[in-house]
Structures are given as structure tokens and as C-alpha cells.
Amino acid sequence: MKSKNTITLDEEIVKQLDYLIMQQAYKNRSQTIEEAVSEKLDRLKRGRLARECAKLDPVEERELAEEGLWEVSGL
């Protein structure tokens with residue numbers, strides 16, 4: 001399902017969008033903007049995941065994994 005929205009863009013950005021459309025990289029402005037926003041949201045999500053992973057202590061994670069292996073194997 002799609003939602004129609006009105007946005008305001010700098011004229012230079014619109015010129016760049018139109019150039020991409022003229023080069024047949026995209027069908028229209030909506031498709032171009034939708035893909036750009038989608039890519040930006042994906043990058044933000046990956047960045048957030050990377051920051052959270054950076055908070056993990058590798059030694060503690062290894063110990064937890066090994067503890068889980070011991071419990072699963074019954075050793």
C-alpha cells in the first residue's frame with residue numbers, strides 16, 4: 001500500500017532528480033525519492049545495529065555461547 005505525500009525540495013535536488021529520470025535511471029520523481037528514502041532508512045538501521053553490537057563484550061559473549069553449548073550438549 002502506498003501513501004501520497006507532499007514534500008518541498010530544493011530546486012537543485014529536483015534538477016538532479018529530473019536528470020536521473022532523463023537518463024532513464026528511474027521512471028519518475030516518486031520512484032527516485034522512495035528509493036532514496038528507503039536506502040537512507042536501511043543505512044540508519046544498520047548503523048544502529050552496528051552501534052549496539054559495538055557495545056557487546058566479546059569475552060562475555062563467548063562465555064555465554066560456551067555456557068549454552070555446555071547446556072545443550074549435557075556436558
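## Model basis

The model is predicted: local features need pLDDT of at least 70, side-chain atom pairs count only at pLDDT 80 or more, and totals for chains, interfaces and linings use all residues. Residues are numbered from 1 along each chain as its sequence is written, and side-chain values use heavy atoms, without hydrogens or water.

## Fold and dimensions

The protein chain has three helices and zero strands (DSSP runs: H or I of at least four residues for helices, E of at least two for strands, numbered from the N terminus). The order from the N terminus is α-α-α.

The radius of gyration is 23 Å, whereas a compact globule of 75 residues would have one near 11 Å (C-alpha atoms; globule rule 2.2 Å times the number of residues to the power 0.38). The C-alpha trace spans about 65 × 25 × 25 Å along its principal axes.

## Surface

Buried residues account for 3% of the 75 residues (buried means under 20% relative accessible area, with a 1.4 Å probe and protein chains only). Accessible surface totals about 7,200 Å² (Shrake-Rupley method, 1.4 Å probe). Carbon and sulfur atoms hold 55% of that surface.

## Packing of α1 and α2

Helix α1 covers residues 11-22, and helix α2 residues 29-54. Their axes lie 9 Å apart, at an angle of about 110° (lines fitted to C-alpha atoms over the stretch in contact; angles run from 0 to 180 degrees between N-to-C directions). The two helices are therefore roughly perpendicular (65 to 115 degrees).

From α1, Val14, Leu17, Asp18, Leu20 and Ile21 make the contact (heavy atoms within 4.5 Å). Arg29, Thr32 and Ile33 contribute from α2. The contact residues divide into five nonpolar, one polar and two charged (nonpolar: Ala, Val, Leu, Ile, Met, Phe, Trp, Tyr, Cys and Pro; charged: Asp, Glu, Lys and Arg; polar: the others, Gly among them).

Terms used
Parallel < 35°, antiparallel > 145°, perpendicular 65-115°, else oblique. Buried < 20%, exposed > 50% of the residue type's maximum accessible area, 1.4 Å probe, protein only.
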